[in-house]
Amino acid sequence: MSWRGVVEEFRGFLPLDAAWEPVSLREGNTPLIPVPGLLGGERELYLKFEGMNPTGSFKDRGMAVAVTAARGQGARITVCASTGNTAAAAAAYSARAGLRSVVVIPEGKIARGKLAQSLLYGAAVLALEGNFDAALALVRRLVERRPDVALVNSVNPYRLEGQKTAAFEVVDALGGVPDYLAIPVGNAGNITAYWKGFREYRDAGRTPGVPCMLGFQAEGAAPLVRGVPVEHPETVATAIRIGNPASWQGAVAAARDSGGGIFSVTDAQILAAYRLLASRVGIFAEPASAAALAGVLQLERTGRLAPRARVVAVLTGHGLKDPDTAIDQAGAPRHVSAEVDALEEAVDHWSA
Ligand code: F0G
């Protein structure tokens, strides 16, 4: 039977009313891609490519469940603050469910693909002079006065319920837990969700243990590493340009209780991993996603990764989300004249 999406595939693990009709775009079931040779020694690396979800990011898992609940509970409108991916997913799943969607984004600071998606899915896209943290504070105030509007940021517990299903898939695909689960951290919902998923699968007897959780923030937006909110977060990885994560405690607990940690990586490390992923592995993921690989490489280099470890890194979003950064990093195409000599010269030049 073909894959039915996370609500139906994992309903037994989700706190959903039986009367609520699932909202789905057949999200989930994303590939876990082995990447031999990238880590040293006998370490094994797998990449969970969440960019293969219907709107191109892991948010679809959470949004399928949150919008199922919102519609089930009678909401007419969804609202979210977003650095772009939540907005795209909220807009798509709201369209699917027949709900209106309003998304609030930091003006000028979201990747073009994400903006294009939200607009075309038909959301009201509101650009705020201010960052993600300010946008989230604003939408939280709105829903206090409007019971007909459902907040679909990850402060909505259904979002985390949906996103935890990725942990189930990792265990199912590997036939057990990895030693490490590496993940980029912005608003900190996803690391909280994975940690919940791994514990629930263990408690249900599906797997004997849990992985060590490794979260990675961008150095210019690393409140969890610094231990205090960052007022003006900055990073090339705009998806995780967040200074005061809503799930702060969840991320700290995941790192602490699993024996892992939250670390930071520089924009230069993020971009190096971003290029490496594409040019050496053949995977086009967005910059924020590359933070997880950058972090794993950093821990390996500094001798903090066990020698025979099995590592899963989550690639949270697709590279097509952010074409501007890709072209900025890779350069523009070179001109060739319509002559075979010129083409041959270019071939030789390129393969020299
Ligand atoms: N990677 C990508 C591609 C993201 O879009 C996000 C978050 C994260 C990682 C971090 O996940 O917030 O659960 O810690 N994007 C949110 C958004 C904030 O609005 O799209 P997190």
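This is a predicted model: local features need pLDDT of at least 70, side-chain atom pairs count only at pLDDT 80 or more; totals for chains, interfaces and linings use all residues.
Q: Why are helices α11 and α12 called roughly perpendicular to each other?
A: The axes of α11 (residues 267-281) and α12 (residues 287-301) cross at roughly 100°. Angles of 65 to 115 degrees count as roughly perpendicular, and α11 and α12 are therefore described in that way.

Q: How do you know which residues make the contact of α11 with α12?
A: Contact means heavy atoms within 4.5 Å. On the α11 side the contact is made by Gln269, Ile270, Ala273, Tyr274, Leu276 and Leu277. On the α12 side it is made by Pro287, Ala290, Ala291, Leu293, Ala294, Leu297, Gln298 and Arg301. The axes of the two helices come within 7 Å.

Q: What makes residues of the contact of α11 with α12 nonpolar, polar or charged?
A: The class follows from the residue type: Ala, Leu, Ile, Tyr and Pro are among those that count as nonpolar, while Arg counts as charged. By this rule the contact has 11 nonpolar, 2 polar and 1 charged residues.

Q: What makes a residue part of the lining of the second largest pocket, and which residues are these?
A: A lining residue has an atom within 4 Å of a point of the pocket. Arg334, His335, Val336, Ala342, Leu343, Glu345, Ala346, His349 and Trp350 line this pocket, whose volume is about 200 Å³. Its lining has 5 nonpolar, 2 polar and 2 charged residues.

Q: How do you know which element supplies the largest share of the lining of the largest pocket?
A: The largest pocket, with a volume of about 290 Å³, is lined by 13 residues. Of the lining, 6 residues come from α5, and this is the largest share. β3 (77-81), β4 (100-106) and α5 (132-145) each supply at least two residues. Val79, Leu138, Val139, Arg141 and Leu142 lie nearest the centre of the pocket. By class, the lining divides into 9 nonpolar, no polar and 4 charged residues.

Q: Why are β5 and β6 called edge strands?
A: In the open sheet of 4 strands, the order is β5-β4-β3-β6, with parallel pairing. β5 (124-128) and β6 (149-151) each pair on one side only, and this makes them the edge strands. Neighbouring strands of this sheet are turned by 20° against each other on average, direction ignored.

Conventions:
Residues are numbered from 1 along each chain as its sequence is written. Side-chain values use heavy atoms; hydrogens and water are left out. Axes are lines fitted to C-alpha atoms, for helices over the stretch in contact, and angles run from 0 to 180 degrees between N-to-C directions. Angles under 35 degrees count as roughly parallel, over 145 as roughly antiparallel, 65 to 115 as roughly perpendicular and the rest as oblique. On a 1 Å grid over the protein atoms alone, a cavity is a set of points where a 1.4 Å probe fits but cannot get out, and a pocket is an open set with protein on both sides within 12 Å along at least five of seven lines; lining residues have an atom within 4 Å of a point. Grid points are joined across faces, edges and corners, and a volume is the space filled by probe spheres set on the points. Two strands pair if DSSP finds at least two bridges between them.
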